[in-house]
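I opened my notebook to get to know a new structure. Here is what I looked up, one entry after another.

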Amino acid sequence: MENNKISILILDDEPIVSKRLKPSLEKKGYLVETFTESEAALKRVKEKKFDIVITDLKMEGLSGMEFLTEVKKLYPDTEVIVITGFATMDTAKESFQKGIFDFLAKPFKLGEITSVIQRAEEKIRSNSQS
Amino acid sequence: MLHGETGRMFDRAINWAKNLVNSSGRSSASGLSFINTFTRFREILAINNQSLELIADANDKLSGEYIFDTHYIETTCIKISSLVEKLIFALDEMAPGKYLALHDAFNRIHYDIEDILAGRQPRSENRLIIPYSDINRDMGDEVGGKNATLAQVGNFMGIRIPNGFAATAVAFARYMEQDGLGEKIKQITDSWENDEIDSRAASSRIQPLILATKIPADLRTEISAAAAAIKKRTGKKKIFFAVRSSAWGEDSEHSFAGQYSSILNVPASKLCEAYKKVIASAYSASALEYRRRIGYTEKEVIMPVGFQQMLNPMCSGVLYTYDPVAPAREVMIATSTWGLGAPVVSGTAAVDEFYMEREPPHRVVQTKITAKLQALVQAENGGTKVIDIPENRQMVSSLTKEQLSELADTGLLIEKNFRKPQDIEFGFTHEGELTILQTRPLALKSFNAPSASELAAIKDRYKVIKEHCGTTAQDGIATGPVHIIHSDDDLKNFPPGAILVTKFASPKLASVLHMAAAVITEVGSVTGHLATVAREYRVPALFNCENITTILKERQEITLDAEEPAIYEGVVKELKYYALSEEEIGETYEYRLLRRVLKKIEPLNLVDPTEKNFRPEACQTLHDIIRFVHEKAVQTIVDQGYYHPHDPDTAAGKLKLGVPMDLVVIDIGGGLAEDIETGKKAIIKPEQIRSVPMKALIQGITNPKAWTNEPVPVDMGSFMSSLTRTFSAEITSPRELGQNLAVISLEYANVSLRLGYHFTMIDTYISDNMNDNYAYFRFFGGVTDDARRARRARFIGAVLSHYDFRIDLHGDLVVARLKKLDKEAMLKRVYLLGLLIGVTRQLDVRMVNEQRVKEYTQNLIELLEDGYGKQQNQHTYTGR
């Protein structure tokens, strides 16, 4: 956390997802960085720890599942939220086994993801106090 | 049919019926036994419903509240398309070979959708010329951005624009095919791109080539016809046009300002020449250089063209809705001169300058009147000429105070609709009428978008009037004075730019929505009519905000953030600038794509089966096909089960009810008394019905109180005036369009009704075994005013959810499901469905305001609780 602000990385190869989420989350006081390519996002994650990572699963190149595995390996306490348009029980199960915080099927409402983010934030803040 | 469990229950009911009548081996002339036909029919009903729900869901996504991507759009289109295809096949099984033309209709629409998804012009949309009246903002690819935005201003904001039409991108492509013109141009631009020749040389070779190439005959004919149509409409002897470029990419992040030509005052006979000149202007040396500089490739040059009837203006000019170099000053800048506006635009003439406050009443803070020695005006036989201005007019302000104020209001309205500062070309006629000639986004050079931390700290710095209240019907941020609507009178003289605050999301508000900065209501449905209109106009809308009409004061300045949602006191500058600097989400590719595909899916054009155009060939959307299949499926069932029965194991007749409703009943096992006479002329009396659910339904339907013909309420007069023509037919006599049908067995009933323009479907199974019991109800409105239909749908939803039905509301579509109640409880609820059928028949005409929804809900619940027992006594319910 920088200046007590929660940092969020968003990775989705469809630009509209970041375009829609970023301003809305910034307005709520989060520090947001967005990526449409998983390699670039991975490079950034290696430089900087994010409190929350939001990622799609199906992408060109490095898949979302591989990406989130890397993230969790680097920073076990980073909360990962998966958003996907190809939600199946298997992918959900696999993601949870990797220790993600929550799983949202696209399309979802803005309010749904913000409440998931708020819950993740609460968890992060209570962890950092204890 | 019905998903999952209910479907299995139905199968059980059908099997049971099959065994009972032992009819599995027999078949009708069409090759299917009635039971089989009926099974197909139920499949159609189920798919019909699934597809309507998918369509309604897709529309909801446009509110800005959802995060969706192209993958969603593609899969939704595939799902809806494949459901519609299934419908067509199911109908073909019911009536083999009878509606083959549906396949063509489906393919035509389906290919269009595929084209749109692939980013191509839909192959059926091959119009060369489109009148402005048929254009909206989403048609930028087809007619170019300039034409699309101007037409949007005229068609959706009620602002005057010139009569006109567009020559499309398709027309441009056709012209480029003529004599290999496009190929020849490409060779030259290729050698320019390879630096073999310079831009001037390229231009001097390309432009004569274009001017020497003949315009294809059909395009020529269509241009003349479109001009002639305008001439006829205006009743003028001679009309002249401004012919203007509307190229792809113009007015986008690159303005292309001054790169492409406009040709003024062209007589109708010379439009084709002017068209060529405008196309040729795309290949001026400076245009070539400009494109190279901004990295715009030559193959992206696609130029639709606008033809606008010339205005004979007293004065013309340009309005900026912000000062581009000092936006924080909150002023607008107008410049103008006598006569035509070209000198103002090109910056070649002395012009008057006005700075006025953005806030109404737009006090003029700075005026500069320049000596206007000359003016550009129309020459009598075409073209323009320069005239001298008499000395006594040279120093007269070319715009009056009133004109400035009207101009400023109009500018704000346009800005509000496009949600970006605007650069607007205008003219005032000699009669003093303001006409908008062009509008495009205005780039603000030193615009400081607020930082994230500024935004996050807003709540500490501004007073929050209300937050986390209500539901967002349309996203967005708005600032402005509150205008509270208590009665219809308050709608008159609605102050442009005000925030509309009222109790109910009444459809009447739609008439002023294009002027409102935002709308906040205490009651309203996000899938209702007003929400749809708010989405169409992108007016931020917050519904179900408790007591807001008493919390806010008339003329109080507030800021609404519909996304949060939160209402702040005063103008929250950070949010306001944030909204202006943010990319408008409704204008992103995905939203445009969804709107474009929905146009091929959602609108319903086929309504009345007695109309001549009720044919597969007339289907323009997938919804049309859905509607057509449904109608023909009912017809086939009635035909096969009643008019031409072939299956000896079914019995049929017309049910005689005490209410004005014809109903064909087909019994597939134990639903009718055994001694009954059946056949084409057979009349069935209610007491001869043995079907348990059908009896309950009939009791409800025939409750005389549900069919009262009380006089039309007094306020109907004004109400009626806003209605569509078709509406009168509905209230005078609920016309039966097509056939009412009930297919029944002892414990089962499937009822399709069409009263007036409402479609009702009930599917229910009621036995002593509680676990098998279910009832499914679907109600869908017809052609009349969306708002009342939506309200009626909410009324039905309110009543049914009071009695434990699970409700899905999508606009005017109501789906209610109920299962696993004991027999008595089920019967009471099916009786309620019967009551609803009677009541809703004419209910929408009484749904004049939201209050009525509550009243009628209460009345109907009382009617049920009173009437159910009593009527039962009358009819001495005997079970089986």
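**Entry 1, a sheet.** I traced an open sheet of 8 strands in chain B, in the order E15-E22-E21-E17-E18-E19-E20-E16, with mixed pairing. Strands (E, at least two residues) and helices (H or I, at least four) are DSSP runs numbered from the N terminus, and two strands pair if DSSP finds at least two bridges between them. At the edges I found E15 (464–467) and E16 (471–474) of chain B, each pairing on one side only. On average, neighbouring strands of this sheet are turned by 30 degrees against each other, direction ignored. Axes here are lines fitted to C-alpha atoms, for helices over the stretch in contact, and angles run from 0 to 180 degrees between N-to-C directions.

I reminded myself that this is a predicted model, where local features need pLDDT of at least 70 and side-chain atom pairs count only at pLDDT 80 or more, while totals for chains, interfaces and linings use all residues. Residues are numbered from 1 along each chain as its sequence is written, and chains are lettered from A and ligands numbered from 1 in the order in which they are written.

I saw E19 (residues 518–523) and E20 (residues 541–543) of chain B pair in the parallel sense over 2 bridges. Ile520(B) stands opposite Leu542(B) in E20(B). Helix H21 (residues 573–581) of chain B lies across E17 and E21, at about 115 degrees to E17(B).

Is E6 (residues 305–309) of chain B mostly covered or uncovered? I found 5 of its 5 residues buried, that is, with 20 or more other C-beta atoms (placed from the backbone) within 10 Å of their own; exposed means 12 or fewer, partly exposed in between. Val305(B), Phe307(B) and Gln309(B) cover one side, Gly306(B) and Gln308(B) the other. E6(B) pairs in the antiparallel sense with E3 (residues 164–167) of chain B over 4 bridges and with E4 (residues 240–245) of chain B over 5 bridges. Phe307(B) is the bridge partner of Phe165(B), and Gln308(B) that of Ala242(B).

I checked H3 (residues 70–94) and H4 (residues 101–117) of chain B: their axes come within 11 Å and cross at roughly 175 degrees. H3(B) and H4(B) are therefore roughly antiparallel.

I noted 30 helices and 31 strands in chain B. Of its 880 residues, 52% count as buried.

Technical notes: Angles under 35 degrees count as roughly parallel, over 145 as roughly antiparallel, 65 to 115 as roughly perpendicular and the rest as oblique. Two residues are in contact if their C-beta atoms, placed from the backbone, lie within 7 Å.
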